[in-house]
Structure formats: structure tokens, C-alpha cells
Amino acid sequence: MQKKIPMRQCLGCREMKPKRDLIRVVRSPEGAIALDFKGKANGRGAYVCPDEQCLKKAVKARALERAFSCQIPQEVYEALTAQMERGE
């Protein structure tokens, strides 16, 4: 019997992919938004491909704001892009 692979939808390209192949964007209970490369951080999560283009599409479509039901300042988007480039 095969183990079920959890699938999540990327906010940028809107494709269903295995959870392990995506990067989790998390909003902590305090309201801070960051990339969670390990997938263990506490808070509400949304997923995006490990590709800058998908993050840009998600930003343009305001997908993160809808997923987290809050306004996200431009500085946070810039920090997410820099964090993705570094691959932390």
C-alpha cells in the first residue's frame, strides 16, 4: 500500500504539487510574515513554488493578502524576495 502524498496549490502558478516541493509562506500568530523552508513554523501557511516568478505572480494577484486576510506592506514582499534568493 502506497503512502498518500500531501498536495498543495501554489499561489503563483495555481498548480497542485507535492507539499515537499513547495515553500511555505507563514503568518505567525503575532502577524509577522516569512518564508518557512522547513514547513514547521507555527502559524497560518500558504504555499508557493521555489521560483521567483511564482512569488511575483502571487504578489501581483494579491494572493498572499487573500490567503492571510490582511494587508501586506511592500517591505514584506521585498524581504520575501530577498529571502527566496538566499534560499534560507
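Reply: Helices (H or I, at least four residues) and strands (E, at least two) are DSSP runs, numbered from the N terminus. This is a predicted model: local features need pLDDT of at least 70, side-chain atom pairs count only at pLDDT 80 or more, and totals for chains, interfaces and linings use all residues. Residues are numbered from 1 along each chain as its sequence is written, and side-chain values use heavy atoms, with hydrogens and water left out.

Me: Which residue with a positive phi follows helix 1?
Reply: Most residues other than glycine have a negative phi. After helix 1 comes a residue with a positive phi, near 55°. That residue is R62.

Me: Which residues of helix 1 are buried?
Reply: Buried means under 20% relative accessible area, exposed over 50%, partly exposed in between (1.4 Å probe, protein chains only). Helix 1 covers residues 52-60. Its buried residues are C54, L55 and A58.

Me: Within what arc do the buried residues of helix 1 fall?
Reply: The arc is that of the directions from the helix axis to the C-beta atoms. An α-helix has 3.6 residues a turn, so residues three or four places apart point the same way. Seen down the axis, the buried residues of helix 1 line one face, because they fall within an arc of 100°.

Me: Is R14 exposed or partly exposed?
Reply: R14 sits in the loop between strand 1 (7-9) and strand 2 (16-18). Its phi is positive, about 65°, although R14 is not a glycine. With a relative accessibility of 47%, R14 counts as partly exposed.
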